[in-house]
Amino acid sequence: MTDEVNHPTHYQGVHVEPIDVFECYPFVLGNAMKYLYRAGRKGTDGGRTDLAKARWYLLRFLGGRVVTAYPSPGLMGKDTELHSARIRLLVSDSPLLRMLFGYSDRKVLGPVSMEQAERTVAQIDSILEEDQS
């Protein structure tokens, strides 16, 4: 029997708990990450609801006018390499998280910039528009 409270099936597939990464970022950004990661893994609408929720949280993040969001060192712990490894595992399994983190050539930028968030919102809009056609 699966434990849907502590280890939901829609977050399984990588050997890291997504919450261990997402909780290190500001609330609205962490929630956007959660919905981006689970889009298409939960529910019956192919991820549309999760993408719409991620978009909503990203717009809240952008509305706050934070130039760049860094992970909280206190939550990340002393092992920043471990945190980076966790991010790499998650983004390898989610194209929209790759975009949000500015992932390229197996390198992950820990902070998330407004530009990256804006590009991710535009990509979500494109996906949601395609689905309506």
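## A helical fold and its core

From the N terminus on, the elements of this protein run α-α-α-β-α-α-α-β-α. That gives seven helices and two strands, where helices (H or I, at least four residues) and strands (E, at least two) are DSSP runs numbered from the N terminus. The model is a predicted one: local features need pLDDT of at least 70, side-chain atom pairs count only at pLDDT 80 or more, and totals for chains, interfaces and linings use all residues. Residues are numbered from 1 along each chain as its sequence is written, and side-chain values use heavy atoms, with hydrogens and water left out.

**Confidence and overall packing**

Let's start with pLDDT, the predictor's confidence in each residue, from 0 to 100. The protein averages 77, and 70% of the residues score at least 70. Among the elements, H3 has the highest mean pLDDT (91), while helix H4 (residues 73-76) has the lowest (58). Where pLDDT is low, the predicted coordinates should not be read in detail.

Of the 133 residues, 39% count as buried; buried means under 20% relative accessible area, exposed over 50%, and partly exposed in between (1.4 Å probe, protein chains only).

The expected span is 1.5 Å times one less than the number of residues.

| Helix | Number of residues | First to last C-alpha | Expected span |
|---|---|---|---|
| H2 | 12 residues | 17 Å | 16 Å |
| H3 (48-63) | 16 residues | 22 Å | 22 Å |
| H7 (114-132) | 19 residues | 27 Å | 27 Å |

H2 is mostly covered, with nine of its 12 residues buried. Among them are Leu 29, Met 33, Tyr 35 and Arg 38. Just after H2, Gly 40 takes a positive phi of about 85°.

H3 buries Asp 50, Leu 51, Ala 54, Tyr 57, Leu 58, Phe 61 and Leu 62. These residues cover an arc of only 145° around the axis, which puts them on the same side of H3; the arc is that of the directions from the helix axis to the C-beta atoms. The face of H3 turned away from this buried side carries the exposed residues Arg 60 and Gly 63.

In H7, the buried residues are Met 114, Gln 116, Ala 117, Thr 120, Val 121, Ile 124 and Leu 128. Seen down the axis, they fall within an arc of 155°, so they line one face of H7. As a reminder, an α-helix has 3.6 residues a turn, so residues three or four places apart point the same way. On the other side of H7, Glu 115, Glu 129 and Glu 130 are exposed. What covers the buried residues of H7 includes helix H2 (27-38), H3, helix H6 (95-101) and strand S2 (112-113).

**The nonpolar core**

A nonpolar core is a set of buried Ala, Val, Leu, Ile, Met, Phe, Trp, Tyr and Cys residues joined through side-chain atoms within 4.5 Å. The largest one here has 32 residues, and those with the most contacts inside it are Tyr 25, Leu 29, Met 33, Leu 97 and Leu 100. At least two residues of this core come from each of helix H1 (18-22), H2, H3, helix H5 (80-91), H6 and H7. Leaving aside residues up to four places away in sequence, Leu 29 touches Leu 58, Phe 61, Ala 69, Leu 100 and Val 112.

**Polar residues worth a look**

Some polar side chains are covered too. Arg 38, placed in helix H2, counts as buried at 10% relative accessibility. Its side chain makes a polar contact of 3.0 Å with the side chain of Asp 50. Here a polar contact is a pair of N or O atoms within 3.5 Å; within protein, one must be able to donate a hydrogen and the other to accept it, and residues adjacent in sequence count only if both atoms are side-chain atoms.

Gln 116 lies in H7 and is buried, with a relative accessible area of 7%. A polar contact of 2.8 Å joins its side chain to that of Ser 113. Not counting residues up to four places away in sequence, Gln 116 touches Met 99, Leu 100, Phe 101, Gly 102 and Pro 111.

Asp 125, also found in helix H7, is partly exposed at 23% relative accessible area. The C-alpha atoms of Asp 125 and Leu 51 are separated by 8.8 Å, although the two residues are 74 residues apart along the chain.

Key. Contact means heavy atoms within 4.5 Å.
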